[in-house]
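Please keep the sequence and the model in view while reading.

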Amino acid sequence: MTGQSAHGICGVCGVDGVRTKTHIPPRAAGNRSDLAMRRGWLTSDNHLSFGRPLSGGIWLFGLCASCNHIAGRFDAAYRDLAELVRPGVPAKVLTTADYRWRATSGNIQPGAIARSVLAGMFALNPSLRERFVNIATMLADQDSEPAPLPDDVRLRLAAFGGFRARVTGSFDGWYLRVGGNQRSDGVNTAASVSFRPLAWYLAYPDVPDEPPNVFAPLIDIERWADVSHWVAADPEGVVPLGAELESGLPVVDLPDRHPHDGWRWTWLLNDTICPIIDADLAD
């Protein structure tokens, strides 16, 4: 479907009615009309396959017009962060250890950025509305009081150096390694947005503890920033970029496109809560 609206349940307010095109990330951040997306699925050999390209940027019918309009109020703050990070992201990063983005001068609005990101994630994974009611209430009302993110889920941020963008709903993924003392590093996420120059995971921090010392959170190993506190920040508040991201950000690519371990990546997902949408950013 390539129209401007479709019937369904809004991922934020839960109203069953007309849903409009929800661009993830915001169009203001470079998710432009001439960008062609491809909706993906898994083949039997654990590889992603993609359908025909659809122009208009990366989008889905996820939010009603009201919630989409409210989210749009905060998109400029997302764009401003992207523009501050973009110049420091190298053209090519072979491994996450090669380079770390360092904060430069500039101001950001953490509360507004978090609302923009989370609105897109709730559109990707409507089950979040039922699990995190206070966050959904906050996103549905532009004048609502900030609500903290529960401790069992964290908003994590990295600089994204890849030239294929991807947005997804909830999935688990692991680098499956066998033999010796190699760890199977992975991630358990409720939603993700990877679009140059930013990558976001709404991640569950817990990982399996059996067998011990085998599984480890990939985002901790790569030292993604934990910006969960942004969710409870005043969306009108302005702070220096360096104060919020003093330790910098790792520069990452999509895990299945890692130059050495990409072929080891194994997906664990439910296609009813994990849309997978890719787009080439090579131009």
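The structure is a predicted model, in which local features need pLDDT of at least 70 and side-chain atom pairs count only at pLDDT 80 or more, while totals for chains, interfaces and linings use all residues. Residues are numbered from 1 along each chain as its sequence is written, and side-chain values use heavy atoms, with hydrogens and water left out.

**Overall make-up**

- The chain contains seven helices and 18 strands; helices (H or I, at least four residues) and strands (E, at least two) are DSSP runs, numbered from the N terminus.
- Of the 283 residues in the chain, 52% are buried; buried means under 20% relative accessible area, exposed over 50%, and partly exposed in between, with a 1.4 Å probe and protein chains only.
- Among contacts (heavy atoms within 4.5 Å) between residues at least 6 apart in sequence, 74% join residues at least 24 apart.

**Aromatic pairs**

- A search of the whole structure gives eight aromatic pairs; rings of Phe, Tyr and Trp (its six-membered ring) pair if their centres lie within 6.5 Å, and planes under 30 degrees apart count as stacked, over 60 as edge-to-face and the rest as tilted.
- The pair of Phe171 and Trp267 is tilted, because the ring centres are 5.0 Å apart and the planes stand at 55°.
- This pair links distant parts of the chain, with Phe171 in strand S10 (residues 171-175) and Trp267 in strand S17 (residues 265-269), 96 residues apart.
- Phe171 is buried at a relative accessible area of 3%, and Trp267 is also buried, at 8%.
- Trp200 and Trp230 form an edge-to-face pair, because their ring centres are 6.3 Å apart and their planes are at 65°.
- This pair too links distant parts of the chain: Trp200 belongs to strand S12 (residues 198-203), and Trp230 lies 30 residues apart from it in the loop between strand S14 (225-226) and strand S15 (239-240).
- Trp200 is buried at 0% relative accessibility, and Trp230 is buried with a relative accessible area of 0%.
- Phe171, Tyr175, Tyr201, Trp224, Trp265 and Trp267 are linked by ring pairs into a cluster.

**Nonpolar cores**

- A nonpolar core is a set of buried Ala, Val, Leu, Ile, Met, Phe, Trp, Tyr and Cys residues joined through side-chain atoms within 4.5 Å.
- The largest such core has 69 residues, and Met121, Ile135, Leu155, Trp200 and Trp230 have the most contacts inside it.
- Helix H3 (residues 110-124) supplies the largest share of this core, ten residues.
- A second, separate core has 18 residues, including Tyr201, Leu218, Trp265 and Ile276.
- Not counting residues up to four places away in sequence, the residues that Leu155 touches include Ala114, Val117, Met121, Trp200 and Val231.

- Trp101 is located in strand S6 and is buried, at 1% relative accessibility.
- The C-alpha atoms of Trp101 and Gly248 are 5.4 Å apart in space, although the two residues are 147 residues apart in sequence.
- The side chain of Trp101 reaches the backbone oxygen of Val85 at 3.3 Å.
- Ser170 lies in the loop between strand S9 (164-168) and S10 and is buried, with a relative accessible area of 15%.
- The side chain of Ser170 reaches the backbone oxygen of Thr189 at 3.2 Å.
- Leaving out residues up to four places away in sequence, Ser170 touches Asn125, Thr189, Ala190, Ala191, Leu269, Ile273 and Cys274.

**Cysteines**

- The count of disulfides (pairs of cysteine sulfur atoms within 2.5 Å) is zero.
- The closest cysteine sulfur to that of Cys10 belongs to Cys13 and is 3.7 Å away, too far for a bond; Cys10 is buried, at 0% relative accessibility.
- Cys67 is in no disulfide, and the nearest cysteine sulfur, that of Cys64, is 3.7 Å away.
- Cys67 is buried, with a relative accessible area of 4%.

Definitions and conventions: A polar contact is a pair of N or O atoms within 3.5 Å; within protein, one must be able to donate a hydrogen and the other to accept it, and residues adjacent in sequence count only if both atoms are side-chain atoms.
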